Amino acid sequence: MVDKERIWKGIRKRLDSENVTIRSVLLEFKWKLIFIFFLILVESAIELLIPLFIGFAIDNALGGNYGHALQLGVLGTLIILIGGGRRFFDSRIYARIYRRLGSAVLLGIEENRSSVKTARLGMINEIVEFLENSLPLLISTIVGMVGVVIIIASLNLHVFLVGLGATFLVFLIYFLTRKRTTYFNGAYNNEFEKQVDVISTNNGTLLASHLKKMMKWNIKLSDLEVFNFSMSWMVLMGFLVLSIVFSVSAGKIAYGALFSLIIYVFQYIESVMALPVFYQNWLRLKEIKERLEKL
């Protein structure tokens with residue numbers, strides 16, 4: 001009777017694992033995730049106001065008024081409280097997601113495929129790491145980018161138009177190399193899934209060949225990123241130079257306003273440089289997701 005109960009329990013677990021997808025696991029925690037994303041939005045909105053209040057504080061301080069400096073301190077305190085509380089909460093939620101998804105995926109793989117299990121557990125960790133660490137940055141970057149664009153447009157229309165042109169060129173660079181990025185990630189993951197099997201052979205020749213192939217694809221991904229980053233950085237440095245020229249030529253009198261505009265331009269550049277990195281991470285996770293759900 002005990003053996004039959006164990007068998008039926010194993011069958012039920014396997015059936016449960018076959019119905020589990022990344023989407024279904026995330027839906028189990030949807031309300032907690034929505035709350036986390038709400039806190040991220042609030043935190044991002046406050047961060048967006050920081051350069052603006054720095055400008056206000058400078059102009060007011062020159063006139064002997066330090067009210068905006070105190071408001072700046074309040075905004076900084078709110079960022080710490082909201083950000084710290086969110087991290088305390090979301091680390092526990094993502095730990096539960098990792099356990100749930102990891103158990104389901106491992107139960108869905110044939111029991112003798114230890115190398116594949118180990119590799120895919122690492123891939124699941126990449127997905128959870130993205131949700132916990134990269135996704136908040138992505139949301140913050142998008143919110144900041146949209147807000148900064150609106151503020152720049154209100155301060156100087158010429159700077160705004162040049163910024164849109166630079167953004168288009170940067171995204172075009174990364175879009176044109178997306179297929180190579182996906183191919184290199186797929187080849188790397190294929191080799192990664194063989195790792196435990198190769199190590200267990202204790203064959204020096206096979207191990208050396210495996211490590212060489214792993215590093216081959218890693219180097220190709222790195223070289224592609226260096227090319228994309230370098231081209232994008234040249235475009236955005238041109239945008240920064242032009243924004244300074246246009247800002248000064250517009251005859252800005254308030255030093256605080258001029259300082260805020262340049263800070264916002266630099267924030268915008270940081271956002272534009274960050275988004276393609278998230279895009280490349282998404283391409284890798286998309287390949288991993290397809291791999292995990294082929295079981």
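I take helices (H or I, at least four residues) and strands (E, at least two) as DSSP runs, numbered from the N terminus.

**Entry 1: the model.** I note that this is a predicted model, in which local features need pLDDT of at least 70 and side-chain atom pairs count only at pLDDT 80 or more, while totals for chains, interfaces and linings use all residues. Residues are numbered from 1 along each chain as its sequence is written, and side-chain values use heavy atoms, with hydrogens and water left out.

**Entry 2: the chain.** I looked up the elements and found 10 helices and zero strands. From the N terminus on, they run α-α-α-α-α-α-α-α-α-α. I then looked up burial, where buried means under 20% relative accessible area, exposed over 50%, and partly exposed in between (1.4 Å probe, protein chains only). Of the 295 residues, 38% count as buried. The accessible surface (Shrake-Rupley method, 1.4 Å probe; for residues, only the protein chains shown count as cover) comes to about 17,000 Å², and carbon and sulfur atoms hold 68% of it. For contacts I use heavy atoms within 4.5 Å. Among contacts with a separation of 6 or more, 84% join residues 24 or more positions apart.

**Entry 3: helices α7 and α9.** Axes are lines fitted to C-alpha atoms, for helices over the stretch in contact, and angles run from 0 to 180 degrees between N-to-C directions. The axes of α7 (residues 178–192) and α9 (residues 204–249) come within 9 Å and cross at roughly 160 degrees. I therefore record α7 as roughly antiparallel to α9, a term for angles over 145 degrees. On the α7 side, the contact is made by residues including Arg180, Tyr183, Phe184, Asn185 and Tyr188; on the α9 side, those taking part include His210, Met214, Trp217 and Leu221. By class, the residues of this contact divide into nine nonpolar, four polar and four charged. Here Ala, Val, Leu, Ile, Met, Phe, Trp, Tyr, Cys and Pro count as nonpolar, Asp, Glu, Lys and Arg as charged, and the others, Gly among them, as polar.

**Entry 4: Asn185.** I placed Asn185 in helix α7. Asn185 is buried, with a relative accessible area of 4%. Leaving aside neighbours within four places in sequence, Asn185 is in contact with Leu221, Arg284 and Glu287.

**Entry 5: Asp90.** I found Asp90 in helix α4 (residues 67–107). Is Asp90 buried or exposed? Asp90 is buried, with a relative accessible area of 0%. Setting aside neighbours within four places in sequence, I list Ile36 and Glu132 as the contacts of Asp90.

Technical notes:
Angles under 35 degrees count as roughly parallel, over 145 as roughly antiparallel, 65 to 115 as roughly perpendicular and the rest as oblique.
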